[in-house]
Amino acid sequence: MKKFFKWLAIIVGTVIVLILIYAAITLVRYNRFGLYASGGELLPNQKAFDVTFYDISLRPDAGRKYLSGTTSVELIAIEDQLAEIQLHLIDNFTVSAITDAKKNILKFTHEDGLIKVWLATPGKINEKIRLNISYAGKPVEAIRPPWIGGINWSKDADGHDWIGLSCQGEGGKIWFPCKDHPSDEADSVFLHITVPEPYFCAANGLLRSVDSDSGYLTYHWETRYPINNYNINFAIGMYGKVEQEYITETGEKMPVVFYVLPQSRQGAEKHVAMAIDMLQSYRKFYGEYPFAREKFGLVQTDYLGMEHQTLNAYGNNYRYGKVFNSELELDWLMLHEMGHEWWGNKVTVKDWSHFWIQEGICSYGEALYQLDKSGEDAYHKKMQQIRRRIRNKSPIVIHANATTTEAYNGDIYSKGAYLMHTLRYVLGDSVFFSTLKQFATDPKYTYQNFIDSDDLIDLVIQNSGRNYRPLMEMYLKTTKLPQVEIDSTGISQYEVSIPNIEFRLPMEVTVGDKSRRYLLGREKVAIAADERPVVDARGWYLKEGDLH
Ligand SMILES: [Zn+2]
């Protein structure tokens, strides 16, 4: 009997240890984004259709922290004999009914975050299919928005409801049924949100109309640009509207709108003027603001920010800094999120493995803004600030079909931005800036077409006529950094090399006040100099020894 208890204790002990290990791994894995990751391997069933339209009707209930409504999903079959459709929706919600365009009641299951619907008759290739999904439930609450997102059921300073939503890490499935993958964007989205009077609901695109019924208002919003599911967004509060006009390069007028709470109303005009100035600056580098037929929108949120298309979440409370070497004020959060209207919203990765393109180029844009406003020294100061954040513990492009959770880390911002900085030096301003603009404007890379790191690498090779793939892949897919060696070989004689790389990099070698560009690699290059030469003095490259 004693033996039995001994074994029982060992088994129970082992189980407890295993549970603790599992819990620890789970906590570490989800410390960036919450329990729900987005993206990853595309479900085989979802390869068979392309979502074209979401029509979302919702009634958020702040008192019960509850959502109820209907989402209509329009899709096109890209395979024949499409009998079943799978869509994501977390299990917090109960689906009450699914019908098709002909009002047929369809058979479905909903478990493990997946709705499986069987069509009345199998879809034919190119057939348009519509599903109307009615659902309700308590959505997840945001724990650490925008990093661990969900709904913010907040109150403003006057005690009024203030509802926000963020779900980049989790995907749209935490609040509406969708195909939760970055490689498929709806061409347009309509939102109909019902709120108690006199609340205002802001959302993507343009406000078409507002209906009033028994003390409730329904706001009808429409966006007719492709949009990825995490960017579909609404915010509810006692918002007022501050609006100014932006004139596009071709002379069209576009509203720049800030939905702001009464407590923050003071300062809103100045903030909107700053937004317009930033739009004008960005378009020099990236081309025109991508959603000019609708608006550039900001909405005050109870979390820092997120790049929701035509409705950037803004929670930085006018905490302005200064443009380097200048007296100009700058809201870095607004600048960053606005940059995503190009990098993320117009140019979108097909797989979260290439998350760095959205965050890294967007962060690099903050340095370009410094360049535009204050010149070359301010640009370099910003790049050095970005460099200090690089950790370089793991590559920024990991395996294919990554989820948001797997792909997200600080280096996708900083090291990604630094690679763009390196490319500026390597390609020279003329090729670099035209390549950057081409990447942001060529239909091949924008809106309904999706990209990955290879698209950028190929474009760099094509525009420069040189094979910069090894350079770019070193910084993207490895943690290796060029290690510059400078040896004294005699009186006034030095040899410079980069022994740990298999290719050659153009680098500036400075002796006294003279600089010359050399191609450096394993082979030693002799440099005549009275004093020890300095390699890459300006810091165009991230090199061994730069990180501490
Ligand atoms: Zn960002």
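At what angle do helix α2 (residues 268-286) and helix α4 (residues 355-374) pack, and how far apart are their axes? In this predicted model, the two helices meet at an angle of about 105°, and 10 Å separates their axes. Angles of 65 to 115 degrees count as roughly perpendicular, and α2 and α4 are therefore roughly perpendicular to each other. On the α2 side, the contact is formed by Met 278, Ser 281, Tyr 282, Lys 284 and Phe 285. Helix α4 contributes Gly 365, Leu 368, Tyr 369, Asp 372 and Lys 373. An α-helix has 3.6 residues a turn, so residues three or four places apart point the same way.

The view may now be widened to the whole chain. The protein chain contains 10 helices and 29 strands. Its radius of gyration is 26 Å, close to the 24 Å that the globule rule gives for 548 residues, so the chain is as compact as a globular protein of that length. Along the principal axes, the C-alpha trace extends over about 90 × 80 × 50 Å. Of the 548 residues in the protein chain, 43% are buried.

The chain is divided into domain 1 (44-238), domain 2 (342-480) and domain 3 (485-535). Between the C-alpha centres of domain 1 and domain 2 the distance is 31 Å. Their contact draws 10 residues from domain 1 and 12 residues from domain 2. On the side of domain 1 that touches domain 2, three residues are nonpolar, five are polar and two are charged.

Two further helices illustrate how helical segments are covered. Helix α3 (residues 332-339) is mostly covered, with six of its eight residues buried. These buried residues are Met 334, Leu 335, His 336, Glu 337, Met 338 and Gly 339. Their cover includes the two helices of the opening question, α2 and α4. It also includes the strands β17 (296-300), β18 (305-306), β19 (312-314) and β21 (329-330). In helix α10 (residues 469-477), the buried residues are Leu 471, Met 472, Met 474, Tyr 475 and Leu 476. The buried residues of α10 pack against the helices α7 (411-427) and α9 (453-464), and against strand β26 (505-511).

The loops hold several local features. In the loop between β7 (128-137) and β8 (150-155) lies Glu 141. Is Glu 141 buried or partly exposed? A residue is buried if 20 or more other C-beta atoms lie within 10 Å of its own; Glu 141 has 14 C-beta neighbours inside 10 Å, and therefore counts as partly exposed. Leaving aside residues up to four places away in sequence, Glu 141 touches Gly 150, Ile 151 and Trp 153. The C-alpha atoms of Glu 141 and Leu 165 are separated by 8.9 Å, although these residues are 24 residues apart along the chain. The loop between β7 and β8 also holds Pro 146, and the peptide bond from Pro 145 to Pro 146 is cis, with omega near 5°.

A cis peptide bond is also found from Glu 197 to Pro 198, with omega near 5°. Pro 198 belongs to the loop between β10 (188-196) and β11 (200-203).

Positive phi values mark two further loop residues. Asn 401 has phi near 55°, a positive value in a residue other than glycine. The residue is placed in the loop between α5 (376-387) and α6 (404-407), and Asn 401 counts as partly exposed because 14 C-beta neighbours lie inside 10 Å. For Tyr 447, phi is near 50°, again a positive value in a residue other than glycine. Tyr 447 occupies the loop between α8 (429-441) and β23 (450-451). With 17 other C-beta atoms within 10 Å, Tyr 447 is partly exposed.

Key
Residues are numbered from 1 along each chain as its sequence is written. This is a predicted model: local features need pLDDT of at least 70, side-chain atom pairs count only at pLDDT 80 or more; totals for chains, interfaces and linings use all residues. Domain bounds come from an automatic or database domain assignment. Two residues are in contact if their C-beta atoms, placed from the backbone, lie within 7 Å. Ala, Val, Leu, Ile, Met, Phe, Trp, Tyr, Cys and Pro count as nonpolar, Asp, Glu, Lys and Arg as charged, and the others, Gly among them, as polar. Axes are lines fitted to C-alpha atoms, for helices over the stretch in contact, and angles run from 0 to 180 degrees between N-to-C directions. Helices (H or I, at least four residues) and strands (E, at least two) are DSSP runs, numbered from the N terminus. Angles under 35 degrees count as roughly parallel, over 145 as roughly antiparallel, 65 to 115 as roughly perpendicular and the rest as oblique. The radius of gyration is taken over C-alpha atoms; the globule rule is 2.2 Å times the number of residues to the power 0.38. A residue is buried if 20 or more other C-beta atoms lie within 10 Å of its own, exposed if 12 or fewer, and partly exposed in between; C-beta atoms are placed from the backbone.
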